[in-house]
Amino acid sequence: MEGWDPTTKSTLTQIPLLSVKAGPRDGGAWTQRLKEEYKALIAYTSMNKSNDNDWFRISAANPEGTRWTGKCWYVHNLLKYEFDLQFDIPVTYPATAPELELPQLDGKTQKMYRGGKICLTVHFKPLWAKNCPRFGIAHALCLGLAPWLAAEIPILVDSGMIKHKDDAASSNES
Amino acid sequence: MEAELKGLLSDLQSLKDSLPDPSHQISVGKIQARLEHLKLGNAQRSKIKDMSAEVVDSNPYSRLMALQRMGIVDNYERIREFSVAIVGIGGVGSVAAEMLTRCGIGRLLLYDYDKVELANMNRLFFRPEQVGMTKTDAAVQTLSDINPDVVLESYTLNITTVQGFEIFMSSLKNKSFRPDKEGTGVDLVLSCVDNYEARMVVNQGCNELNQTWMESGVSENAVSGHIQLLVPGETACFACAPPLVVASGVDERTLKREGVCAASLPTTMGVVAGLLVQNTLKYLLKFGNVTPYLGYNALKDYFPTMEMKPNPQCSNAACLERQKEYILAKPARDAAARAKMEAEAFVEPECLHADNEWNISVVDDSDVQDSSASSGALPEGLVHELPSADEFQKPPASAETTATPIDDLEDLRKQLEALNAA
């Protein structure tokens, strides 16, 4: 965890760790794992809200809990930029992390694979591998998506690649 | 298409006949020649029932069948019985598919969910006019033109999703191509994917099906690659140890990683595809040594090789099952090996040394190497790509009970929804 900022570190320590090593094909064990995922997400979301650092919404898109959809946002120069967030739980989960997708940014940045999958290779994958099976969806958002947004959104905004929704609307009207 | 070309040609002929000026006739003749050429290019050859060794220009298999005459392969035509599944039809997979197609492989199963893009044109195989097509469709289009004898099956899906994985597994199990084959419906699975997640999925499927497979990879900086043979229970599986990659051999910090997620070269990918298919042919047609692992370092022209035993503490449950079966089958394997040795030792060589004062004996290499476990020291030039999982420590029990006492999935889901709505 060298090189991570103190805030992320202290947030991370407060997200409950998971213990059940089970993926979507493991039946009852997956249900147990899913409960742990919810507990960690609930703890992380409420922590963000109480720290005035609310930055995502995520919920299961199917009863099996294998597909998740929601939104995430980032504030840059006092403007809020919001994006759709989606991912599947892979069959080899939790040995492999979910591949987080921001489909609206597909093709807008190099730090992304096709389909809008954000590039996590350097800053996140080694951490996930080291902490299997204790890390879950909440940890992937905290250590994978949050730093990615912090690094990429300012560049995308400053280079004009993405526009704030108010700007986009007014330029369409004119 | 062909009828149209024919019509055009006859129209041109009548035009040529009616032209009074001979200089015009020459240019019309040139157009005719070009059309004839087009017509030839469009003609797809018909299927060939038996591979012939006859050396004529029109036999697509003469140079392959010559491998028999040269004493390299015993029975080349067996290649038509084999099915190979290729997962990932990118820079390596598409080239591997073309090589196997040209070799006259019996059946190819192709898996990919991506589309062809202009950004792929720095690699081999796909053509600019195929941009926008799925990679599987574009591959079938080209491959069936090159060799209509090959049975092609394409699966446009993502094998890492629960649904995609089910289709992947049932397609591997389908034995309609050769119902008498033992085990699954394919002889080999080639993993040509570009990410760790998909490799772990191929590993999972092959461990469950007890299916031999080969892994291939090219580094994100495009200057190294590797191929690896995985026999469930016998060799290390992909989850037995963190994945091995070839070190670039220059200080990693000097290699710029900023910006682009992955670089690629047609050369490195072509080399790796070549190594992969070479090993595939050796494995299927039983010639030469099938390599357990072969790395390629392009910066230093270095090819490390090694062997990996399975990890008895592997985190993959299916791998542990296969390991158990492999150990149980040892007596039968030894008996078979003995019988084979006896058959080969039919012509006993003369005893070179009647007395053996120092008790010197020849020891089987494989017995000595038993100590080289999957976690052992790596040969020079290879490094692990990811760290191993830390020893599992149970989180303090008190934190667990105080955090959320609720333990019903539906209640938990509602609690998260309430937070989301707030």
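Helices (H or I, at least four residues) and strands (E, at least two) are DSSP runs, numbered from the N terminus. This is a predicted model, in which local features need pLDDT of at least 70 and side-chain atom pairs count only at pLDDT 80 or more, while totals for chains, interfaces and linings use all residues. Residues are numbered from 1 along each chain as its sequence is written, chains are lettered from A and ligands numbered from 1 in the order in which they are written, and side-chain values use heavy atoms, with hydrogens and water left out.

**View 1. The open sheet of chain A.** Three antiparallel strands of chain A follow the order β1-β2-β3; two strands pair if DSSP finds at least two bridges between them. Strands β1 (56–60) and β3 (79–88) of chain A form the edges, each pairing on one side only. On average, neighbouring strands are turned by 10° against each other, direction ignored.

**View 2. Strands β2 and β3 of chain A.** Strand β2 (residues 67–76) of chain A runs antiparallel to β3(A), and ten bridges join them. A:Thr69 stands opposite A:Gln86 in β3(A).

**View 3. Helices on the sheet.** Helix α4 (residues 137–158) of chain A lies across β1, β2 and β3 of chain A, at about 45° to β2(A). Helix α13 (residues 409–421) of chain B packs on the sheet and touches β1 and β2 of chain A, its direction making about 150° with that of β1(A). Axes are lines fitted to C-alpha atoms, for helices over the stretch in contact (heavy atoms within 4.5 Å); angles run from 0 to 180 degrees between N-to-C directions.

**View 4. Confidence in chain B.** The pLDDT (the predictor's confidence in each residue, from 0 to 100) averages 86 in chain B, where 86% of the residues score at least 70. Over residues 367–375 of chain B the pLDDT is below 50, and this stretch has 13 contacts beyond near neighbours in sequence.
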